[in-house]
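Dear colleague,

I am passing on the structure below, together with some notes on what was found in it. Please read the notes with the coordinates open beside them.

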Amino acid sequence: MRKRYALILPAAVLAVSLSAQNSWEKKTSFGDKRARAVAFSIGTRGYLATGEDTADAEKNDLWEYDPGTDSWTQKASLPATGRRDAVGFSIGNKGYVGTGIDASEAFLGNTLDDFWEYSPQTNAWTQKAPYPGNFGYGIYFATAFTANGKGYVCCGKIGASNYSQELWEFNPSTNSWTQKAFFPGGVRYGQMSFSLNGKGYVGCGTDENWFTNDFWEYNPVSDTWTQKADFPGSKRSFGTAFSIGQKGYMGLGTDGGYSNDLFEYDPIDNSWAVKASYGGEGRRSAPSFVLTGAAYVMTGKGTSGKHRDNWEYQPYVTGIDESETVAATVFPDPASDYLCFSSGNDFSGSGNMTIAVFSADGREVLTAKKAAAPDCRIDVSGLAAGMYSWIITSESGKTANGKFEIQR
């Protein structure tokens with residue numbers, strides 16, 4: 001029987017243990033069946049907007065997901081026409097949604113260039129400078145990522161047999177767009193993308209004639225693209241991508257059928273690893289957001305039609321598939337300048353420990369290496385106020401995790 005330890009302290013103590021990782025867990029479904037929506041996260045909340053419902057009607061609504069209560073709440077609708085295949089991302093404490101097309105049948109619709117900023121503090125939208133690509137005629141089926149406080153909209157579809165390889169940078173501070181280096185893989189739409197360490201990663205997609213699996217890294221500082229190891233799954237488009245900690249993830253989508261696989265990308269050694277397949281039916285056009293080190297992938301379209309289910313993915317942050325769960329406590333919570341960890345003797349004799357701290361949107365913001373000991377302390381004075389998660393792993397594979405808050 002494993003012993004658990006607790007310290008009697010004046011501050012609150014949080015006892016936690018690590019559950020199975022590299023796994024999917026079904027959460028509360030979205031309100032209705034739809035596909036081709038966009039999603040983004042701000043702080044500890046996820047957001048899903050726009051898309052197309054089962055009647056093929058284009059939507060302009062916005063919904064907020066709270067992982068703490070596993071519930072959805074409707075927020076202020078986008079004050080513009082409903083749309084599908086738009087782009088969405090977040091920068092700081094604001095969300096951004098724009099572009100897309102306003103009809104189920106493209107030949108009946110208008111390609112859109114408008115761009116909007118959402119503030120969860122005021123639950124209000126503000127129109128921003130329109131997307132200037134395609135000579136100002138808009139785009140749909142583009143992909144988007146963020147890096148260093150700016151947003152990037154890449155490639156997309158202009159119209160029948162007309163595609164883009166443009167890359168445009170949006171600066172929220174100046175409300176302005178700047179054209180950047182063309183995507184070097186040629187014209188493309190239906191790609192997947194994510195961000196890691198100040199760089200963007202874009203892969204797969206189609207030009208309507210061929211599915212692809214090439215994979216590229218974009219460096220905003222030098223405005224250059226570098227080809228990386230090909231995505232190891234089948235060539236495809238309209239998949240799902242996100243990043244957690246120091247790893248990127250891509251999967252799902254269509255290769256003629258509907259896929260439910262998932263692959264993890266490590267930028268350090270430019271390699272891919274197979275991860276647990278999606279918990280629901282294979283599908284395309286399923287948006288995702290990341291909250292406190294976990295990804296949420298929902299809605300989309302599969303063999304049985306459009307979906308409303310929502311699944312949470314917990315990755316192997318340590319890369320150790322078989323690990324021993326131990327109990328640990330953290331204090332003080334809320335913290336200010338430092339955080340103490342206590343695990344009794346559970347980590348004794350397990351080699352050095354690595355303590356990783358993640359922000360609410362899944363970014364690894366602090367890493368510390370400590371000799372295994374019943375108690376240790378790390379400096380968190382450089383972190384902003386907010387909610388964080390932590391994971392301790394030892395050289396022998398013992399692991400524990402939990403959450404804490406910083407108040408200033």
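**An open sheet, a hairpin and the overall picture**

In this predicted model, four strands come together as an open sheet, ordered 21-22-23-24 and paired in antiparallel fashion. The edges are taken by strand 21 (240-244) and strand 24 (271-275), each of which has a single partner strand, so one side of each is left without a neighbour in the sheet. From one strand to the next, the twist averages 25°. Strand 21 runs antiparallel to strand 22 (residues 247-251) and is joined to it by five bridges, among them the one in which Ser 243 has Gly 248 of strand 22 as its partner.

Strand 25 is connected by four bridges to strand 26 (residues 294-298), the two running antiparallel, and Val 290 lies opposite Ala 295 of strand 26. The two strands form a hairpin with two residues between them, and in the turn Thr 292 has a positive phi of about 50°.

As for the protein overall, it has 37 strands and zero helices, and 56% of its 408 residues are buried. Of the contacts between residues at least 6 apart in sequence, 53% join residues at least 24 apart. The accessible surface comes to about 16300 Å², with 47% of it belonging to carbon and sulfur atoms.

Definitions and conventions
Residues are numbered from 1 along each chain as its sequence is written. This is a predicted model: local features need pLDDT of at least 70, side-chain atom pairs count only at pLDDT 80 or more; totals for chains, interfaces and linings use all residues. Side-chain values use heavy atoms; hydrogens and water are left out. Buried means under 20% relative accessible area, exposed over 50%, partly exposed in between (1.4 Å probe, protein chains only). Contact means heavy atoms within 4.5 Å. Accessible areas come from the Shrake-Rupley method with a 1.4 Å probe; for residues, only the protein chains shown count as cover. Two strands pair if DSSP finds at least two bridges between them. Axes are lines fitted to C-alpha atoms, for helices over the stretch in contact, and angles run from 0 to 180 degrees between N-to-C directions.
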